[in-house]
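Hi,

Here is the structure I promised to pass on.

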Amino acid sequence: MRAFRAVAAVLLSAVVLAGCGSGGGGSDKPSASHPPGGSGTASAPASDPASASAQPSPGSGSPGATGVPPGKPSGSAPASSVPVSPGPSSALERLVTVTRTGGYAGKSSTLLVKGDGSWTRLDRQMRPAGTGKLPADREAKLRTALAQADLAHLPRFPTGGPAVFDGFVYTFVHGGYEVTVAQESLTPGLRDVLAELPPFEADPPR
């Protein structure tokens, strides 16, 4: 009788163990490879909002690679870049050139005046026909007359006044500007310039 009970107990234990191994009491935890409601394929991980916000977006106003905020110039123009009024910077540069043509004999003569007041007269063939130097006070008056004549704001070919037959025509070149004007159309400023120049013709021999 005792042997029968022992055998029955062994059989009962085997049945209980077999039932536990069949998976009838499975865990409530979903499997990592098969999430609930999924199709069995792992989805891509969502982007981290914190890491996305850490990346600077274009046009957000953050400094670029150069460390200069957008909209701010990387450097300012040097003070020396401010334009200055044209004029001779040395005694060797030309202060003014005036050419006179016409007259009864149809002559032509050119005067070149440098920054130090030295001048050269050229004939029709542009050959030297005389040299000299203006006194310091007259050179100063010539500079003043040129400034007041204001070639930069005169027409390229000023006109006006009654015609002068067989009159002269003058061409002034100063500070990068050129003005050609007939004798009858000379402005008061241009007449003052002519008054401070040396003569266009040499004095006749005595």
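Helix α4 (residues 188–196) lies across β1, β5 and β6, and its direction is at about 85 degrees to β5. For these names, helices are DSSP runs of H or I with at least four residues, strands are runs of E with at least two, and both are numbered from the N terminus. Angles run from 0 to 180 degrees between N-to-C directions, with axes being lines fitted to C-alpha atoms, for helices over the stretch in contact.

Before I go on: this is a predicted model, where local features need pLDDT of at least 70 and side-chain atom pairs count only at pLDDT 80 or more, while totals for chains, interfaces and linings use all residues. Residues are numbered from 1 along each chain as its sequence is written, and side-chain values use heavy atoms, leaving out hydrogens and water.

Back to α4. Its buried residues are G189, L190, V193, L194 and E196. They line one face of the helix, because they fall within an arc of 165 degrees when you look down the axis of α4. Buried here means under 20% relative accessible area, exposed means over 50%, and partly exposed is in between (1.4 Å probe, protein chains only). The arc is taken from the directions that run from the helix axis to the C-beta atoms. What covers those residues of α4 includes β1, α3, β5 and β6, with contact meaning heavy atoms within 4.5 Å.

The other helix to look at is α3 (residues 136–149), which lies across β1, β2 (107–114) and β5 and runs at about 75 degrees to β1. α3 and α4 pack at an angle of about 160 degrees, and their axes are 8 Å apart. That makes the two helices, α3 and α4, roughly antiparallel. (Under 35 degrees counts as roughly parallel, over 145 as roughly antiparallel, 65 to 115 as roughly perpendicular, and the rest as oblique.) Their crossing is left-handed, the term for a near helix turned anticlockwise from the far one by less than a right angle, whereas clockwise would be right-handed. If you want to find the contact on screen, R138, K141, L142, A145, L146 and A149 are the α3 residues, and they meet G189, L190, D192, V193, A195 and E196 in α4.

Now the sheet. Six strands make up an open sheet, in the order β4-β3-β2-β1-β5-β6, with antiparallel pairing. The edges are β4 (128–133) and β6 (177–182), each with a single partner strand, so one side of each has no neighbour in the sheet. On average, neighbouring strands in this sheet are turned by 15 degrees against each other, ignoring direction. Two strands count as paired if DSSP finds at least two bridges between them.

Going through the pairs:

- β1 (residues 94–102) and β5 (residues 168–174) run antiparallel and are joined by six bridges. T99 has T171 in β5 as its bridge partner.
- β1 and β2 pair in the antiparallel sense over eight bridges, and G102 stands opposite K107 in β2. Their hairpin has four residues between the strands, and G103 takes a positive phi near 85 degrees there.
- β2 and β3 (residues 118–122) are joined by four bridges and run antiparallel. L111 has R121 in β3 as its bridge partner, and L112 has T120. This hairpin has three residues between the strands, and G117 takes a positive phi near 90 degrees.
- β3 and β4 run antiparallel, with five bridges. T120 is partnered by T131 in β4, and this hairpin has five residues between the strands.

β2 is mostly covered, with six of its eight residues buried.

A few loop residues are worth a click. Most residues other than glycine have a negative phi. M126, in the loop between β3 and β4, has a positive phi of about 60 degrees although it is not a glycine. D150 is partly exposed, at 33% relative accessible area.

Last, E184 lies in the loop between β6 and α4 and is partly exposed, at 23%. E184 is 21 residues from A163 in sequence, and 6.1 Å from it in space, C-alpha to C-alpha. Leaving out residues up to four places away in sequence, E184 touches G160, G161, P162, A163 and V164.

Cheers
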